[in-house]
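Let us walk through a protein model step by step. We begin where two chains meet.

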Protein chains: 2
Amino acid sequence: MAKKIIVIGSGAAGMTAASAAREKDPAAEITVLTEDSDIAYSPCAIPWGIEGRSGWDEIVMHTPEFYAKNRRIDVITGTKAESVDDAAKTVAAGGKTYQYDSLVIATGGRVFVPPIPGADLENVFIVRTVRDGKRIQEALKGASKVVVGGAGVIGLELAVSLKGMGKDVTVIEMMDQVIPRIADGDMARHIQEHLEGMGIKFVMKAPVQSVDGTGKVSGVTAAGKSYPCDVMIFATGIRANLDIPKALGFDIGQLNTVVVSPTLQPYRRGRLVPDIYLAGDLVQCQSAVYPGATSSQLGSTAVKQGRVAGTNAAKGPEAQFGPVASPWVSVIGGLQIAGTGMSKSLASWYGIQAAEGKAEGLTRARYYPGGKKLMVKVLGDRSTHRIIGAQIVAGEEATGRIEWLTSAIVCGMTAEDFLVRAETAYCPPTSMVRDPIFDAVEDLCRNMQ
Amino acid sequence: MAKKIIVIGSGAAGMTAASAAREKDPAAEITVLTEDSDIAYSPCAIPWGIEGRSGWDEIVMHTPEFYAKNRRIDVITGTKAESVDDAAKTVAAGGKTYQYDSLVIATGGRVFVPPIPGADLENVFIVRTVRDGKRIQEALKGASKVVVGGAGVIGLELAVSLKGMGKDVTVIEMMDQVIPRIADGDMARHIQEHLEGMGIKFVMKAPVQSVDGTGKVSGVTAAGKSYPCDVMIFATGIRANLDIPKALGFDIGQLNTVVVSPTLQPYRRGRLVPDIYLAGDLVQCQSAVYPGATSSQLGSTAVKQGRVAGTNAAKGPEAQFGPVASPWVSVIGGLQIAGTGMSKSLASWYGIQAAEGKAEGLTRARYYPGGKKLMVKVLGDRSTHRIIGAQIVAGEEATGRIEWLTSAIVCGMTAEDFLVRAETAYCPPTSMVRDPIFDAVEDLCRNMQ
């Protein structure tokens, strides 16, 4: 009899899991249950969509009809999975009961909105779904002043998109730097200055206290000062959606995500739960940098986990998901910022004594036209000398370099070993003959002594 | 007393060694002896220089005056080091005898010109030095038809530059593919077709038999057919310049390069020679892919070795040069081709049974404008499942990806381990959420079973 596989959630993790399951088991009956109306879109694309750089139809990569026709996957939209009974192996959703042999839970996360007065006023938005994007686009038509709450990657990408649409943009952030937590202050400063140069205003060290207005937003109060606006958008981070795992009594880790095995199975009071796999923002990851837990709310991580969860849902627990360094990159106003592993502040939060090495150079040979500035920072653990993190700010070509450093981190290279064994590909139009990364690691070696 | 350090050779390896020695020993007397007149230039830049994309003065990064003034390095140009006496610790050059405490030999390689009739005719060139580049530029003024001998990376870059100058360009290659040896035929074909689309002509499987003409070149004969031309340029590869190592009786390996320790010291009849360090094209490298020797005639390798040799010349043998995967990249007519580790043909030459995995994708998210095609091939060793090589052809962003794969190769990752542990940085304008490299490695895993 055909295996029944149910996937809850239609984001990057869920749809990847469903597709992987189909690939591994051509005969399975695969059903996706989702409360969303648009599926399989990239939340990272919403800022580009709002600006009109990418069309909404392009961002939504595939429709339910596509999945039905091409992959024989039954996607049931607008249908929230209310509960799971893992003894009976059933999911209750939309008044029906669905039977499963394997279940993938990929319910993702929710945008965290601080519990402040006025957050429910008209023209106050979060930025997560295509529907959010379309609503924001509509509200922006009559707006001139926009406040973005939160200077994380999504907040900054959004600020640039809004500026590109001719709006007066103010970003309000409670920490003292942009991209807090994952980027160090010195690297983040380059991005903030670049954006200030584009006319985007920043209010730092200012927690949003209230959203003000009558019916409709007219301003935001932060750190005692008022900032008038026509539209307010919260980009204040994602919290894992733990409704189903908590109801099932799954073990929740100290980072408020679900503890899983390398095969992405949850535990209940320390015992592995069979036939259920998790993927995406609600999963606790193992760190590739230190022996312990971390979280990785990245699209790339969700897709990788989705592939493991879907494979295992189809074939039993044979595929594994490894420890993560969680490399990330963002193009913000033409400047790229990328990072991997731990930032210095995160390292100190984990009790790791980090040393740093820094260097500057160009993205091309000095004599080759069009080269852009490349700034590198590499972090090492003073006790093991292992490379534990890196950040790059550059006009181009940051992505591949951060993947290169990620590979070194994941393989446990020390800074000294990196200098002996790492290599770069050189061609005048794409690189310097000695990559600035080597200078940064050499600086790190000196600073660790 | 100040240490006397002599460096023979003023290319990337030699000048890097001299600069590293200065950095490590502020008091040393450092002298560079070179038969060349221009120093510290990038041979990889010559094709760009000929086309005028980079000025000759920009390509020559630093002058002897710069080194004298800023680094207190005495660069003696136009002075060939005739012999070394390592018992007396002297170098004979230009009628003088120079005493040393440590010596760096970085005499590089010479362009191999096949021993055929007519290779000494007027308007027949090699492409290695700035002087070669200037002469070619001069000769091209009255030329319309140009033949390039050799379809390696430099030959193809040159062909594109010549085409950009409006010349009628024919590339003649003895092998059946462009970029033989380091690229596989299926990947190389994309480059050849791209260049044919630009109007560059190719004559394959055709060893050049003679260069024809009276006084001046008028044509080239290859595989029995004649190809008229006004200028002929050989880009037929580099052979190590072994004059000094051979005269000193240093051990030469089976690849016709000098056998060295990880500290870049030569051997004489199996015994380490003290106080002499080698760097650049004449050095035999250890492979990161299989336990044995390889050669790595790359600028990036020369610079890395120069830094080790210079450090050791100043401080004694403390720095090491590791095994190489030799990543390379070239931008040829707007298309990028990059590789690392072994090609399939090279693997079979070393007795390694290679399996391959292939995939295609884009350099950006599907919905983000401007994305370019990305083709990946990954090679694995059937017996160990280790990744042993990779090649990428893409419209952009090949360099960093090949460095990422190089790091995986150098760390000895298996294909299966790569799927569990490798990670990508995702942002719609710079990458897909699942990089095509993962698909290629998955394909490789299937093909190794």
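Predicted model: local features only at pLDDT ≥ 70, side-chain atom pairs only at ≥ 80, totals over all residues.

Of the interface residues of chain B, 100% are also interface residues in chain A, so the two copies meet through the same surface. Residues are numbered from 1 along each chain as its sequence is written, while chains are lettered from A and ligands numbered from 1 in the order in which they are written.

How many residues take part in the contact? Chain B gives 58 residues and chain A gives 58 residues. On the side of chain B that touches chain A, several elements give two or more residues, among them α3 (56-59), α9 (299-315) and α12 (415-421) of chain B. Helices (H or I, at least four residues) and strands (E, at least two) are DSSP runs, numbered from the N terminus. The helix α11(B) gives the most to this side, with 10 residues. By class, this side of chain B has 33 nonpolar, 16 polar and 9 charged residues. Ala, Val, Leu, Ile, Met, Phe, Trp, Tyr, Cys and Pro count as nonpolar, Asp, Glu, Lys and Arg as charged, and the others, Gly among them, as polar.

Look at α11(B) itself. Just after α11(B), B:G412 takes a positive phi of about 75°.

Now compare the two copies. A rotation of 180°, with 0.0 Å of shift along its axis, superposes chain B on chain A with an RMSD of 0.0 Å. That is the relation of a two-fold axis.

Finally, take chain A alone. Its secondary structure comes to 13 helices and 27 strands. Of its 449 residues, 57% are buried. Its C-alpha atoms fill a box of roughly 65 × 60 × 40 Å, taken along the principal axes. An automatic or database assignment sets the domain bounds. It gives domain 1 (4-41 + 59-109 + 239-315), domain 2 (113-236) and domain 3 (328-448).

Terms used:
Buried ≥ 20, exposed ≤ 12 C-beta atoms within 10 Å, placed from the backbone. Least-squares fit on C-alpha atoms with pLDDT ≥ 70 in both. Contact = placed C-beta atoms within 7 Å.
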